[in-house]
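Have it open while you read.

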Amino acid sequence: MKLGSLKGGRDGRLVVVSRDLAWCADSSHIAPTLQSALDDWERIAPQLELLATDLEHGTIPRDRFHEREALAPLPRAFQWADGSAYVNHVQLVRKARGAEMPESFWTDPLMYQGASDEMLPPRAPIPLADEAWGCDLEAEVVVVTGDVQRGVGREEALDRILLVGLVNDVSLRNLIPAELAKGFGFLQSKPASALSPVLVTPDELGERWRDGKLHGALKVDLNGRPFGRADAGTDMTFDFGILIAHLARTRNLGAGTIVGSGTVSNRDEDGGPGKPIDQGGLGYSCIAEVRTVETILAGAAATPFLKHGDTVRISMDDDRGHPIFGVIEQTVAAG
């Protein structure tokens, strides 16, 4: 089952979307918003599944689903927590600045709590007031949970994953060092993120969803050229069960909590830093990583951060080459 939100109130209007993303059906008679569905998932989900089946069979009224008109499936969420499950990415960034990575990073996930009062639509511009801030894309996988009790273990945490999707977790890289130096985490350096047009139930993903990971190439294009094709299921040190359990160690999580994987990152076949696509590698899911590799190999970064007018495109295809979650496509605009 695929779910999206169209315009209608601050939290959007919930629709069920066909597998090919061509059609949608209004679900207001079942649940007006995605958050309301998540709040009562055990009762609501079976009704939405029946609606999705009727939509596939064309037996109910339906409308064309236009991704450009879609809001974020959760226009605002109770919680957005982003992990750093691909420790390869963390190791590279620290190596570039000559910092040793503590061994604990391989066993204890990194995670920060971001702002979730505004999740951008998948085709909304990336607002950037000052190019000197070092605007970067970050292509990631996200899951949305139901209610999760404090102290939950990995297996139970996996059972609380209700939906899967993609996110562009925008970072302002040149603001990060000063914020981290304060010892109190990210704030101004992490503006609003954009969610994929639809979120998908794990059962809809088949073998792509296994072991608490989404498997498949995460496609990232920058200004129309291939930038990243890293496999989201490879080199993921911490699966989503571990990430959710980590987040819930000391607190309950409310239904609608969004948990991110962190920037998807793959090592090269020889175990070293990943290579650009034009050099036979799988590329990158953020600019910071290619700049890190350039620094390690050549002594200085050459790839610039995003500028006004640059366009980022993020998606993941099914076996027929069609986007599973729709497409995040954003152009950087003067703030």
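The points below go through a sheet, a helix, a pocket and a cavity.

1. Ground rules. This is a predicted model, so to speak of local features we need pLDDT of at least 70, side-chain atom pairs count only at pLDDT 80 or more, and totals for chains, interfaces and linings use all residues. Residues are numbered from 1 along each chain as its sequence is written, and side-chain values use heavy atoms, with hydrogens and water left out.

2. Five strands make an open, mixed sheet in the order 8-21-20-17-18. (Strands are DSSP runs of E, at least two residues, and helices are runs of H or I, at least four residues, numbered from the N terminus; two strands pair if DSSP finds at least two bridges between them.) Strand 8 (126-128) and strand 18 (225-228) are the edges: each has a single partner strand, so one side of each has no neighbour in the sheet. From one strand to the next the twist averages 25°, with axes fitted as lines to C-alpha atoms and angles running from 0 to 180 degrees between N-to-C directions.

3. Strand 8 runs parallel to strand 21 (residues 328-334), and the two share 3 bridges. Look for Leu128 there: it sits opposite Ala334 of strand 21.

4. Helix 6. Of the 8 residues in this helix (residues 240-247), 6 are buried, meaning under 20% relative accessible area with a 1.4 Å probe and protein chains only. They are Phe240, Gly241, Leu243, Ile244, Ala245 and Leu247. At the helix start, a side-chain oxygen of Asp239 comes within 2.8 Å of the backbone nitrogen of Gly241.

5. The second largest pocket. Its volume is about 360 Å³. (On a 1 Å grid over the protein atoms alone, a pocket is an open set of points with protein on both sides within 12 Å along at least five of seven lines, a cavity is a set where a 1.4 Å probe fits but cannot get out, and lining residues have an atom within 4 Å of a point.) Among its 19 lining residues, Pro226, Phe227, Pro276, Asp278 and Thr303 are closest to the centre. Strand 18, the edge strand of point 2, and helix 7 (287-298) each give the lining at least two residues.

6. The cavity. How many cavities of 30 Å³ or more are there? The count is 1. The largest cavity holds about 30 Å³ and is lined by Asp11, Thr33, Leu34, Gln35, Pro73, Leu74, Pro75 and Arg76.

Terms used: Points joined across faces, edges and corners; volume = space filled by probe spheres on them. Buried < 20%, exposed > 50% of the residue type's maximum accessible area, 1.4 Å probe, protein only. Polar contact = N/O pair within 3.5 Å; in protein donor to acceptor, adjacent residues only side chain to side chain.
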